[in-house]
Amino acid sequence: MSGHSKWSTIKFKKALKDAKRGKIFTRLIREITVAARAGGGDPGSNSRLRLALDKAYGANMTKDTIERAVNRGTGELEGVDYEEVTYEGYGPAGVAILIETMTDNKVRTVAEIRHIFSKRGGNMGTAGSVAYQFKKLGLIVFPGDADEDKILEAALEAGAEDVVNEGERIAVYTAATDLHSVVLALEAAGLQPEESELTMIPENTIEVSGEDAEKLLRLIDFLEENDDVQNVYANYEISEAEMARLEAAS
């Protein structure tokens, strides 16, 4: 999981940037709607919906907005019919990139994603060309100053796969199917996570630096800024020194 820490930090900063623009609300509403459509409107029996609701409340979304999104998903209100589509491609230095989208127009979305790849030094791939390089896991996040020993004990007892202190945060990784039960066990132990989600972890990473790193981060930025994109995952690794240089130059 060595490359994931850097990517998570970038993703976290990007999420803050998106929140300022209000884009995070759009993504959360789509996730709630699709989750409710797929598994019903009861978060007690729909773990995906529960995770989406937790994120929405954490982002201070109003109860009315959340309820409307759920009702659109269950069909009680009319709304746009979103479809989940994953796209794959390669960035500079051969970095594998996986893009999860929710769209009401696949023709438009694929054209926009392909355009971003071609203009930003990447190449769009075919279905399955890079997905095999990632593993779906549950991710539970605690602040870096939380009680690591208590988290480790409770998480492993609940069936988590790994607990990693990544400096700014403590990350608990679980099997995708175990995320909900591990979250409940941690909460029962008096541990309140900052965030929990399903994520894609690269099996191996590629170290990038210099111009390749700059181009790659710009490519990822443009992909994430697309209205239909929910998540972007990539199997790169950037050293702390190189990351500091890039942040100073931005």
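Trainee: Which residue forms a salt bridge with Lys-106?
Mentor: This is a predicted model, where local features need pLDDT of at least 70 and side-chain atom pairs count only at pLDDT 80 or more, while totals for chains, interfaces and linings use all residues. Residues are numbered from 1 along each chain as its sequence is written, and side-chain values use heavy atoms, with hydrogens and water left out. A salt bridge is a side-chain nitrogen of Lys or Arg within 4 Å of a carboxyl oxygen of Asp or Glu. With its closest N and O atoms 3.5 Å apart, the partner of Lys-106 is Glu-83.

Trainee: How many residues apart in sequence are the parts that Lys-106 and Glu-83 tie together?
Mentor: Helices (H or I, at least four residues) and strands (E, at least two) are DSSP runs, numbered from the N terminus. Lys-106 lies in helix H5 (residues 106–119) and Glu-83 in strand E1, so their pair ties together parts separated in sequence by 23 residues.

Trainee: Is Lys-106 buried or partly exposed?
Mentor: Buried means under 20% relative accessible area, exposed over 50%, and partly exposed in between (1.4 Å probe, protein chains only). Lys-106 has a relative accessible area of 42%, so we call it partly exposed.

Trainee: How far apart are the closest N and O atoms of Asp-81 and Arg-37?
Mentor: Side chains of opposite charge can pair when their charged atoms come close. Asp-81 and Arg-37 form a salt bridge, and the closest N and O atoms are apart by 2.3 Å.

Trainee: In which helix does Arg-37 lie?
Mentor: Its partner Asp-81 is in the loop between H4 and E1, so the pair ties together parts that are 44 residues apart in sequence. Arg-37 itself lies in helix H2.

Trainee: What span is expected for helix H2?
Mentor: The expected span of a helix is 1.5 Å times one less than its number of residues. H2 (residues 23–39) has 17 residues and reaches 24 Å from its first C-alpha to its last, which is close to the expected 24 Å.

Trainee: Which residue follows H2?
Mentor: Look for a positive phi, near 95°.

Trainee: What is the phi of Asn-60, about?
Mentor: Most residues other than glycine have a negative phi. Asn-60 sits in the loop between helix H3 (47–58) and helix H4 (63–74). Although it is not a glycine, Asn-60 has a positive phi of about 65°.

Trainee: Between which strands is the loop that holds Ala-93?
Mentor: Ala-93 also has a positive phi, near 65°, and is not a glycine. At 40% relative accessibility, Ala-93 counts as partly exposed. Its loop runs between strand E1 (83–90) and strand E2 (96–103).

Trainee: How far apart in space are Asn-204 and Tyr-236?
Mentor: Asn-204 is in the loop between strand E7 (195–202) and strand E8 (206–207). In sequence, Asn-204 and Tyr-236 are 32 residues apart, but C-alpha to C-alpha the distance in space is 8.4 Å.

Trainee: Are Glu-166 and Arg-169 buried or exposed?
Mentor: Their side chains meet in a salt bridge (2.6 Å, N to O). Glu-166 and Arg-169 are both buried.

Trainee: How many salt bridges does the structure hold?
Mentor: Some share partners, joining Arg-30, Asp-104, Arg-108 and Asp-228 into one network. For the structure, the number of salt bridges is 15.
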